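Please look through the sequence and the structure below before reading on. The paragraphs that follow lead you from one part of the model to the next.

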Amino acid sequence: MLTEEELSKLRKAGQVASAARTLGMELVGEGVKLFNVAQEVEGYIRSKGCGLAFPCNISINEIAAHYTPSVNDEKVFEKGDVVKIDCGAEMDGFVGDTAGTVEVGTKRYRSLIEASKRARDTVAEFVGAGTAICDIGRAVEMCMVQDGFKPIKNLCGHQIKPYNLHAGVSIPNYNDGNTNRLVAGMVVAIEPFATDGEGTVSNGPPGNIVRILREKKLGDPKAQEFFEYAKGEFKSFPFCARSCDFPEAEKHVKNLIRHGVLSSYALLVESKKGMVSQHEHTFYIAGGRAEVTTLP
Ligand code: MN
Ligand code: MN
């Protein structure tokens, strides 16, 4: 179990991430730059004394995850876009990871958006210590099928440990037969993705989000300085050039990818280009009933 002090950090990160998600979803609108929304969301998280657990993901339509705007990104939201805002705050390594979906100016995909929300909120009603992991997936899939959609089977929720966003247990979005049970003291993110497509994602082109793969002595002192900055600022969490307060961060990121020090995450695209919605909360498995740390 977490100590009171650890729990207060987890709760703070959760509250900040939740407010950042709400802010991001409110800012989305026709003609608005994705760049501005990402900067506002991350600026809010930092202004509350938290670090970024990962860059603000703004994934549109058939892109399920891992899009974040680049340094000079001019892309704007268009009418009819289905927009997933997924953001994370961290306080001394304790993370709040949360996501929601909004549609820009239309209501064509309201039932798709409701399906992932209902799946997440259904799970929140029963999840706790002793819950079999496959029962979470079963509930998610049942909600989606009832609503006429499919879960994305190769995307899943995850356990979160201090400074480790994807640690240990995976939480499936279908019944994967995993009869292991959640244990008191765990932190998990549960994130159903609903689609009207195939129900899987495939790797698209590389996106702007990177992680540190390994440490390596770099010949160029400026590159070494950038690496030390990124490690100090983002620790072991994913990051992107846009979130760096460092001159020519984009150039350094590209260079470190070439040297095999950083690795970029591919965009995750629905395999049949179906529309995708996502809802996510972080849960502290306190006892028989979990505490949701990222509620509004
Ligand atoms: Mn997330
Ligand atoms: Mn997550």
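Helix α1 has 24 residues, which at 1.5 Å a residue should span 34 Å, and its end C-alpha atoms are 35 Å apart, in agreement with that expectation. The expected span of a helix is taken as 1.5 Å times one less than its number of residues, while helices (H or I, at least four residues) and strands (E, at least two) are DSSP runs, numbered from the N terminus. This is a predicted model, in which local features need pLDDT of at least 70 and side-chain atom pairs count only at pLDDT 80 or more, whereas totals for chains, interfaces and linings use all residues. Residues are numbered from 1 along each chain as its sequence is written, chains are lettered from A and ligands numbered from 1 in the order in which they are written, and side-chain values use heavy atoms, with hydrogens and water left out.

The buried residues of α1 include Leu7, Leu10, Ala13, Ala17 and Arg21, where buried means under 20% relative accessible area, exposed means over 50%, and partly exposed lies in between (1.4 Å probe, protein chains only). These buried residues of α1 pack against α2, β3, β4, β8 (187-190) and β13 (281-284), and contact here means heavy atoms within 4.5 Å.

Helix α2 (residues 34-47) can be read in a similar way: at 1.5 Å a residue its 14 residues should span 20 Å, and its end C-alpha atoms are 20 Å apart, which agrees. Its buried residues are Leu34, Val37, Ala38, Val41, Glu42 and Ile45. Seen down the axis of α2, the buried residues fall within an arc of 120°, so they line one face of the helix; the arc is that of the directions from the helix axis to the C-beta atoms. An α-helix has 3.6 residues a turn, so residues three or four places apart point the same way. The buried residues of α2 pack against α1 (4-27), β1 (51-60) and β3, and just after α2, Gly49 takes a positive phi of about 85°.

We turn next to the strands. Ala64, found in strand β2 (residues 63-65), is buried, with a relative accessible area of 1%. Although Ala64 and Val269 are 205 residues apart in sequence, they are 5.6 Å apart in space, C-alpha to C-alpha. Leaving aside its neighbours within four places in sequence, Ala64 is in contact with residues including Ser59, Lys84, Phe193 and Val276.

Three strands form an open sheet in the order β5-β9-β12, and the pairing is antiparallel; two strands pair if DSSP finds at least two bridges between them. The edge strands are β5 (150-151) and β12 (276-278), each of which pairs on one side only. Between β5 and β9 (residues 193-195) there are two bridges, and Lys150 has Thr195 in β9 as its bridge partner. Helix α3 (residues 110-126) lies across β9 and β12, running at about 35° to β12, where axes are lines fitted to C-alpha atoms, for helices over the stretch in contact, and angles run from 0 to 180 degrees between N-to-C directions.

Strands β6 (residues 157-161) and β7 (residues 164-171) pair in the antiparallel sense over four bridges, with Gln159 opposite Ala167 in β7. They form a hairpin with two residues between the strands, and Tyr163 in the turn has a positive phi of about 60°.

Which residues hold the metal ions? The manganese ion (ligand 1) is coordinated by Asp86, Asp97 and Glu280, at 2.1 to 2.4 Å, and the manganese ion (ligand 2) has Asp97, His158, Glu191 and Glu280 as its protein donors, lying 2.1 to 2.2 Å from it. Donors are N, O and S atoms within 2.8 Å of the metal (3.2 Å for Na, K and Ca), and because water is not among the atoms, sites may look incomplete. Asp97 lies in strand β4 and His158 in strand β6, so the pair ties together parts that are 61 residues apart in sequence. Asp97 bridges the two manganese ions, ligand 2 and ligand 1, which lie 3.2 Å apart.
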